[in-house]
Amino acid sequence: MIYTLTLNPSIDYVLKIDQFSDGETLRSNAEEKYPGGKGIMVSKLLKNLGENSINIGFLGGFTGDFIRKKLNELGIEEDFTRIEDDSRINVKLKYETETEINAQGPQIKEEEIEEFLNYLDQLQEDDFVIISGSIPKSLGDDFYRFIVNLLEMDNVRFALDTSGKKLYKLSSYKPFLVKPNKDELSEIFEDKIDSDEKIVKYARKLIDQGAENVIVSLGKDGSMFIDSNIVYKARPIEGKLINSVGSGDSMVAGYIFGYMKGFSKLDSYKLAVSCGSATAFSPDIAEKKLIDDIFKKVDVEEWK
């Protein structure tokens, strides 16, 4: 079974306005509310590919009830650890640009943490956990280390999509896949990334640290896949950017789906590119038909 881990799920409250003015009372033209969180985005993409997954993490309060209800409506299974405090609400203002205000997340009690870790400890070797997104402030910035240490001890495979230097440190716990973007790679190694050679150099440092596979997203320049033996580079797919939210999550979901279905690394990577691009060209997480259409157009070359 695939589990998607969202420690800090949210209601994403989208307000569309004509123009933003600081210090003024603004009125929206439209409002939308979605269940948010990177793990939830992964599960939505997997569902569209026909693969079930279970959302885990922490969920509480009236906001948690809304998120749970929406996941049920989408047919996405969840087994979140229930907490007393309210899950967060993130506000997203959309006008000629987009401004986001993301809350820090709920206060999580020690007994709630213990219940969650006990649940995680029950997973089996044939399970797979996709870890992504932010950590509630109350858990501390080091909480992912407790999770990956537990998974490594239980021989449970996992993918890791997080930012900053902690990605490098956590790579020592042998994640199956990590997915930094170019800017995150630059931040980790404190160097300007201005060539494919540097991307490969620093991705291989993550592999030397313990990561098995690395996908580096390059925005408008496409992406690269690196393991200990091979490097692939995918050319960018032409299309109109509609929504960048969830594109990286879709890449992770696509690669793991391919791997779990027995695809080659090349075809798993091509599916990852297709999923990420299709979501970028969609108002929400991509549907399977568009993913299949883009898959036929993906141009990947082996980098020498």
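**Aromatic pairs up close**

Phe143 and Phe146 lie three residues apart in helix H4 (residues 143–153), so about one helical turn separates them; helices here are DSSP runs of H or I of at least four residues, numbered from the N terminus. This is a predicted model, in which local features need pLDDT of at least 70, side-chain atom pairs count only at pLDDT 80 or more, and totals for chains, interfaces and linings use all residues. Residues are numbered from 1 along each chain as its sequence is written, and side-chain values use heavy atoms, with hydrogens and water left out.

Searching the whole structure gives 14 aromatic pairs. Rings of Phe, Tyr and Trp (its six-membered ring) pair if their centres lie within 6.5 Å, with planes under 30 degrees apart counted as stacked, over 60 as edge-to-face and the rest as tilted. Phe143 and Phe146 have ring centres 6.1 Å apart and planes at 50°, so their pair is tilted. Phe143 is buried at 3% relative accessible area, whereas Phe146 is partly exposed at 45% (buried is under 20%, exposed over 50%, partly exposed in between, with a 1.4 Å probe and protein chains only).

Phe257 and Phe263 form an edge-to-face pair, because their planes meet at 90°, with ring centres 6.4 Å apart. Here Phe257 is buried at 10% and Phe263 is partly exposed at 36%.

Ring pairs also link Phe128, Phe176, Phe225, Tyr232, Tyr255, Tyr259 and Tyr269 into a cluster. Back at Phe146, the charged end of Arg145 sits over the ring, 5.1 Å from its centre (NZ of Lys or CZ of Arg within 6 Å of the ring centre and within 35 degrees of the ring normal).

Technical notes. Helix = DSSP H or I, 4+ residues; strand = E, 2+ residues; numbered from the N terminus.
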